[in-house]
Amino acid sequence: MKNVLTVDVEEWFHPEALQNQFPMESWPDQKSRVEPLIDRLLEAFDVHRARATFFVLGWVAEQNPQIVKKIVAAGHEIASHSYAHRMVTKMSPDSFDQDLKKSIRVLEDIAGVRVKGFRAPTFSITGQNLWAFDVLAQNNLEYDSSIYPIWHDRYGIPHAPRTPFIFENAGGKPIVEFPMPTIRIGNKNIPFGGGGYLRLLPLWFTQYGIKKFNREGQPAIIYMHPWEFDSDQQRVPLGRLQSLRHYGRIKRNFNKLERLLKQFEWMAMEDYLTLLKKEKKLSVKKLNLITK
């Protein structure tokens, strides 16, 4: 069984934890570090014959169009990670629509291919803003991968399905949701899908999660950010816990990734979508808007 490999392409100063220190007007003044990291990932993916989806921030694509062209030339999928890396929970439907349209336009103009998918910054489609699916549908996207079916202080819909489903939205056009993977321990969903979970937890836990998910008949979706492999990036003063979450174990992370690339086979999100449509395994699910 192939699993799904994804990269959220953003600069080192884009994560939500750093937004107070680096507001958008300061971004042009920061040193870009993303291209060499993308080059390193592309080389590793090529060695292990792994195909991936790169959810690219529109702002990064505008500043570094050659990165998008390299990704496409290497045979990978381009999808949207928004334009300005704003959490959807902090946006209105109109501002989200404008940001999304700009992102799609920038990426398609550079890549010369259609953008089919979206992942919200910080997985910020939650029970409070399910209207985001209407906006995605209105912009002719086919899939989303923004829901983490867990409880977290910044994101998550704990009651969401753990496997892919069609979200029933008011926009009319169906949107396939690819939730981030979890394993069930007791009555809780425990995340293992990459990012900080890959960096901070032992590698065996991610390996165990992937194998367990596969035994349930499901490919696991793994995600990463380029800055999570950059041990030389500028360190910003954060609280002790926040600093651990953001910078912990970066030096070891690329070795972990290479072991995963070697151990498992990998496909892009659009490959998984094609597979599910062919096998007709998708069903419509409802999620309730949480107003409190």
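Buried here means under 20% relative accessible area. His-85 is buried because its relative accessible area is 3%, under that 20% cut-off. Keep in mind throughout that this is a predicted model.

**The whole chain**

Let's zoom out before going back to that histidine. The chain has 10 helices and 12 strands. Its radius of gyration is 18 Å, close to the 19 Å that the globule rule gives for 292 residues, so the chain is as compact as a globular protein of that length. Taken along the principal axes, the C-alpha atoms fill a box of roughly 45 × 40 × 40 Å. Buried residues account for 58% of the 292 residues.

**Strands side by side**

β2 has β1 (residues 2–9) as a parallel partner, over 5 bridges. Within that pairing, Asp-8 has Phe-55 as its bridge partner. To get from β1 to β2 the chain passes through helix α1 (residues 34–47), and this β-α-β crossover is right-handed. β2 also pairs in the parallel sense with β3 (residues 77–80), over 4 bridges. Phe-55 turns up again here, with Ala-79 as its bridge partner in β3.

β1 has another parallel pairing, with β10 over 4 bridges. There, Leu-5 stands opposite Ile-222. Strand β10 covers residues 221–224 and is buried on both faces: Ile-221 and Tyr-223 sit on one side, Ile-222 and Met-224 on the other.

In soluble globular proteins, nonpolar side chains tend to be buried together. In this model, the largest nonpolar core has 76 residues, and Phe-45 and Phe-54 are the ones with the most contacts inside it. Helix α4 (residues 93–111) gives the most to this core, with 7 residues.

Which residues does Phe-54 touch, leaving out those up to four places away in sequence? They are Val-7, Val-9, Ile-38, Leu-42, Phe-45, Ile-71, His-76, Glu-77, Ile-78 and Ala-79. A second, separate core has 20 residues, including Phe-55, Phe-123, Phe-178 and Met-267.

**Buried spots worth a look**

Here are some individual residues with their locations and relative accessibilities.

| Residue | Location | Relative accessibility |
|---|---|---|
| Ile-175 | strand β7 (residues 175–177) | 0% |
| His-85 | loop between β3 and α4 | 3% |
| Phe-123 | loop between β4 and α5 | 5% |
| Thr-122 | loop between β4 (117–118) and α5 (132–138) | 17% |

Thr-122 has a phi near 60 degrees, a positive value in a residue other than glycine. Phe-123 also has a positive phi, about 50 degrees, although it is not a glycine either. Both count as buried because 17% for Thr-122 and 5% for Phe-123 fall under the 20% cut-off.

Back to His-85, which belongs to the loop between β3 and α4. What does His-85 touch, apart from residues up to four places away in sequence? Its contacts are Glu-10, His-14, Pro-15, Glu-16, Trp-27, Leu-57, Pro-121 and Thr-122.

His-85 and Phe-254 are 169 residues apart along the chain, and their C-alpha atoms are separated by 24 Å. Ile-175 and Asn-189 are 14 residues apart in sequence, with 23 Å from C-alpha to C-alpha.

Terms used
Residues are numbered from 1 along each chain as its sequence is written. This is a predicted model: local features need pLDDT of at least 70, side-chain atom pairs count only at pLDDT 80 or more; totals for chains, interfaces and linings use all residues. Side-chain values use heavy atoms; hydrogens and water are left out. Helices (H or I, at least four residues) and strands (E, at least two) are DSSP runs, numbered from the N terminus. Buried means under 20% relative accessible area, exposed over 50%, partly exposed in between (1.4 Å probe, protein chains only). Two strands pair if DSSP finds at least two bridges between them. A crossover is right-handed if, with the strands pointing away from the viewer, the path from the first strand over the helix to the second runs clockwise. A nonpolar core is a set of buried Ala, Val, Leu, Ile, Met, Phe, Trp, Tyr and Cys residues joined through side-chain atoms within 4.5 Å. Contact means heavy atoms within 4.5 Å. The radius of gyration is taken over C-alpha atoms; the globule rule is 2.2 Å times the number of residues to the power 0.38.
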